[in-house]
Amino acid sequence: MILHDQNSASNQSQNGKISREIRGSIMLIGLDRADKRNAFDSHMINDLSLALTEYEDNAALRCAVIFAHGEHFTAGLDLLELQPKLASGVFDFTAQQINPWGTSSRQRRKPIIAAVQGYCFTAGIELMLNADLVIAQDNCQFAQMEVQRGILPFGGATVRFVQAAGWAKAMRYLLTGDSFDAQTALDLNLINEITSAAPLARAIELAEHIARAAPLAVQATLASAQDGVWHGPETAFQHLQQHLGPLLHSQDAQEGVKAMIERRAPQFTGK
């Protein structure tokens, strides 16, 4: 993540906030500091963690979409507000909280889709790299510019950017801090789709599609994929049965077979 310079110091009235909206089984989580191009201050970081924890703990919610109010996803971090707090652990989260960047603390079990537009710098790239699907508007400008500020990406890009794009392609941008557009992000496997319209509608469409699937199966699939990324294929394969076993005895598995036989859409309950 990068520290983004602001024209003036943050005050209480400018504290970052996160909007929340529940639509059926989907939670919309909005970066809501548009007057500061959604640059993250400590308040916004904490509230985003709380919102994601609320999503994780609500059994009725099956998918979340992180989006941004205003023209830009985020310009990075609010330097003037955060700089004095970085050394004291402003990015430390309790064991019960979800870390929005997924580099520590509680492991996320449920899927997240990111919808990005305009500026998506540093912390924003790392936030979307920790999501499971990313929809980007064609006006996006990306930059992982930490080396231009004398620090390194510390929200996951040194690992996830490399995993997505490969060593050579990732280093082209991690070591220079150069900007790139949405088509390049797609070529680098950082995003899933490009849209000419605001990306939120498409992200919600995909979230609704995920929400119609069996939630326990979605979570088990996500957990198995995480095993492979974090611990390697051998560990992931060893854990496959422990992910599969509970599903075989679930009501949703029975419903899936029954719906197939009856040629109708399944109605999954997460049990």
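Predicted model: local features only at pLDDT ≥ 70, side-chain atom pairs only at ≥ 80, totals over all residues.

User: How are helix 8 and helix 10 oriented to each other?

Analyst: The axes of helix 8 and helix 10 (residues 240-248) come within 10 Å. They cross at roughly 175 degrees. Angles over 145 degrees count as roughly antiparallel. Helix 8 and helix 10 are therefore roughly antiparallel.

User: Which residues of helix 10 meet helix 8?

Analyst: Helix 8 brings L216, A217, A220, A223, S224 and D227 to this contact. By class, the contact of helix 8 with helix 10 holds six nonpolar, two polar and one charged residues. From helix 10, the residues are L240, H243 and L247.

User: Are helix 4 and helix 5 oblique or roughly antiparallel to each other?

Analyst: Helix 4 spans residues 157-165 and helix 5 spans residues 167-174. Their axes come within 7 Å and cross at roughly 135 degrees. Roughly antiparallel needs an angle over 145 degrees. The two helices are therefore oblique.

User: Is the crossing of helix 4 and helix 5 left-handed or right-handed, and which residues of helix 5 make the contact?

Analyst: The crossing of helix 4 and helix 5 is right-handed. Helix 4 contributes A157, T158, F161, V162 and A165 to the contact. By class, the contact has nine nonpolar, one polar and one charged residues. From helix 5 come W167, K169, A170, M171, Y173 and L174.

User: Which helix gives the most to the lining of the largest pocket?

Analyst: The largest pocket holds about 700 Å³ of space. Of its 29 lining residues, the closest to the centre are L129, N130, R160, V229 and W230. Helix 3 (123-129), helix 4 and helix 8 (215-231) each give two or more residues to the lining. The most, five residues, come from helix 8.

User: How many charged residues are in the lining of the largest pocket?

Analyst: The lining divides by class.

User: What is the volume of the second largest pocket?

Analyst: Its lining is made up of A59, A60, L61, R62, R109, K110, P215, L216, Q219, T269 and G270. By class, these are five nonpolar, three polar and three charged. The volume of the second largest pocket is about 170 Å³.

User: How much space lies in the largest cavity?

Analyst: A search of the whole structure finds one cavity of 30 Å³ or more. The largest cavity is lined by L52, I66, I98, N99, P100, R108, I112, L127, N130 and A131. Seven of these are nonpolar, two polar and one charged. The space in the largest cavity is about 40 Å³.

Note on methods
Residues numbered from 1 in each chain as written. Heavy atoms only, no water. 1 Å grid on protein atoms, 1.4 Å probe; cavity = no way out; pocket = protein on both sides within 12 Å on 5 of 7 lines; lining within 4 Å. Points joined across faces, edges and corners; volume = space filled by probe spheres on them. Nonpolar A, V, L, I, M, F, W, Y, C, P; charged D, E, K, R; others polar. Axes fitted to C-alpha atoms, helices over the stretch in contact; angles between N-to-C directions. Helix = DSSP H or I, 4+ residues; strand = E, 2+ residues; numbered from the N terminus. Parallel < 35°, antiparallel > 145°, perpendicular 65-115°, else oblique. Left-handed = near helix turned anticlockwise from the far one by under 90°. Contact = heavy atoms within 4.5 Å.
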